[in-house]
Amino acid sequence: MPANILSLNLVELGHFCAYLAMLVALVQGLAPMAAHYLKQPRLAQISVNGSAAVFALTTLGGLSLIHAFVTSNFSVQYVAQNSNALLPLFYKVSALWGGHEGSLYLWVWVLTLYTAVVAWHGRKQYPEHLPVILAVQGWLIVGFFGLILFLSNPFERLFPVPADGHDLNPLLQDPGMVIHPPMLYLGYVGFSVPFAFAMTALITRWRSELWIGLIRRWALIAWGFLTTGIMLGGWWAYYELGWGGYWAWDPVENASFMPWLLGTALVHSITVQDRRRMLHAWNIFLVISTFSLSLLGTFLVRSGVLSSVHAFAVDPGRGAYILAFMTVVLTVSFGIFLARGRYQQAEEAITSFLSRESLFVWNNVMFTVACASVLLGTLYPLALDALSGQKITVGAPYFNIVMVPIFIVIVLLMAVGPLVPWRKGNLERLRPRLLWPFLTGIAAAVGMLLFLPAVHWTGPTATGIAFFALANLITEFSRAIRQRRLQLKEPLPRTCVKTVLGNRRHYGGMIVHFGIVIIALGLVGSGLFRSEAAINMAPGDEVVIGGERLRFEGVAPLRGPNYDAMQATLTLLDSGRVVRPERRQYMRQEMPMTETGIDSTMLRDVYVALGDATSEGRWAVHVYVNPLVQFIWTGGLIILAGLFLSLSGRRAKKITVTADERG
């Protein structure tokens, strides 16, 4: 009884802390305004101190909810809906973000974390502008707490208290979904920091050359978390959903992909402004738009307008609140931009089409077009349904037709861009540097056409450009190594390490590009050369698919902590390894679940999903052979390694253009 009373009191304490956090966030948002109108600059510092208090109070509220899950406190309605006594402890903790209310609380929790980190970092870096930055984030916190506490309250009580809970959605009882939402939210919410900087710059007339370099690191951090979340989401969909793929152009997948596209454009555009004092207004536009798309993703997932395996089914009132909140943010931010944008630094002009800044601008154009295409394909069915009642689906065929050519051009720009100097390039000096990579790409494309003449045109085109980009990266790094060795006569390993560590920002970007090329090869291989077969099998039956031979050994019952399963065993006859797909039935849920069995090498995955038993005693088995799919996950890890290297370097106070960059 004392433990139950303690649990009840902790929930009430957490609920009170959430209300108090909203109140302090409101003060945080109002303090700089009060300081300005009352002519009392010291009042603005309340925002700095308030940000730490808001994070602490929000953390207490979140910990009280986690405690309610861990102790199976089913008097909390949210706990009763998303947990039960048999749920493993690992998933009880992650159940906090397993439903609509808790996922929103995680969102605002991450937002208060970013706000506290900005406050800590900005005390010495930009103290005069810090209160306004924190005030902008404070208003965002107030907006989300308003939704949580008045429309989506995770602290709401349930009486009478049920003996057990309903259980967490079986799709979410997976390690990938434990990590995926926090990573995604750290990316989504991370773009609120550049947004707050941009709004502060417009409000206080903080010139862009003084603040744009400060947001590069924040933009990269947010982009890195969003990239991680998207990769984890694809990985989870691949091995959990049993359909053999990793990206279906689902509207909720698109909701995370759109801010990633504009965030990628922003990261490149910041580099141009940092180097060449250009694109100031465009960068502010990108900052506002990227964060707005993060809010749009929240609306799409939680408004109930979408039917998706990723979406939360909620009442329209919550969706209306999010839509209204998003409209206010867009109206205010773009209104300030239109009114104050002219006070930012004057633009410099592009002096040559053959320059790195020119190619970066085209890079921005392509990413923006890609984002607009995804936005159109995602929202058009919703708009058509709202205006005419006609229901249509815009699926993979549209996105593949539109997006594949765009990304081929992006990879081509990515390959050439780092070779072209700033301001003005020299075609005669550039031509020999491109010759061998160009011949490598042509050889790869021709080789695919010779050995696989029936392949779709995107196969040899994308493969040729990917090898061209790969060869460019390798030859440029080799060129830098040779130059350093000629100068310093160092051993090769030491030269490689010193070269990379000497310019972490540049070589971190090269590694990121290398990871993207590896992903591109994985997409070509798994997208164009996948083999699949759906058959009914009995013990002893064999199947040959994609050059792999499998034998069905049989099915045996299996008991999990909160589910019963039938586990099949299939042997890969060429290697002797086995895969064990499962068909699960969770004790508190009605829907059956598929757990795939996958045998992976770097060149291919043998992917098996187990279906239901037939009346003849056979089992439905779906087998896929997916070439190069591991390249996708490996490329994602390479991207993160390059991003970490880039972030580990310090930003120089004065950017200089090296002789190598001048060509």
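Predicted model: local features only at pLDDT ≥ 70, side-chain atom pairs only at ≥ 80, totals over all residues.
## A hairpin and its neighbour

In the hairpin formed by strand 2 and strand 3, where two residues lie between the strands, Gly546 adopts a positive phi near 55 degrees.

## Helix 14 against helix 16

Two packed helices are described by the angle between their axes and the distance between the axes. For helix 14 (residues 396-416) and helix 16 (residues 458-488), the angle is about 20 degrees and the axes are 8 Å apart. Because angles under 35 degrees count as roughly parallel, helix 14 and helix 16 are roughly parallel to each other, and helix 14 passes helix 16 in a left-handed crossing.

Which residues of helix 14 meet helix 16? On the side of helix 14 they are Val404, Ile408, Val411, Leu412, Met414, Ala415 and Val416, and in helix 16 they meet Thr458, Thr461, Ala462, Ile465, Phe468, Ala469 and Asn472. The residues of this contact between helix 14 and helix 16 divide into 11 nonpolar, three polar and no charged.

## Helix 2 against helix 5

Helix 2 (residues 45-70) packs with helix 5 (residues 100-125) at an angle of about 150 degrees, and their axes are 9 Å apart. That angle makes helix 2 roughly antiparallel to helix 5, since angles over 145 degrees count as roughly antiparallel. The crossing of helix 2 and helix 5 is left-handed, and the residues of their contact divide into 13 nonpolar, eight polar and one charged.

## Confidence along the chain

The protein chain has a mean pLDDT of 86, and 93% of its residues reach 70 or more. Over residues 652-663, however, the pLDDT is below 50, and this stretch has 18 contacts in the model beyond near neighbours in sequence. Residues 308-313 likewise stay under 50 in pLDDT, and for them the model has 21 contacts beyond four places in sequence.

Conventions
Residues numbered from 1 in each chain as written. Heavy atoms only, no water. pLDDT = per-residue confidence, 0-100. Contact = heavy atoms within 4.5 Å. Axes fitted to C-alpha atoms, helices over the stretch in contact; angles between N-to-C directions. Helix = DSSP H or I, 4+ residues; strand = E, 2+ residues; numbered from the N terminus. Parallel < 35°, antiparallel > 145°, perpendicular 65-115°, else oblique. Left-handed = near helix turned anticlockwise from the far one by under 90°. Nonpolar A, V, L, I, M, F, W, Y, C, P; charged D, E, K, R; others polar. Pairing = 2+ DSSP bridges.
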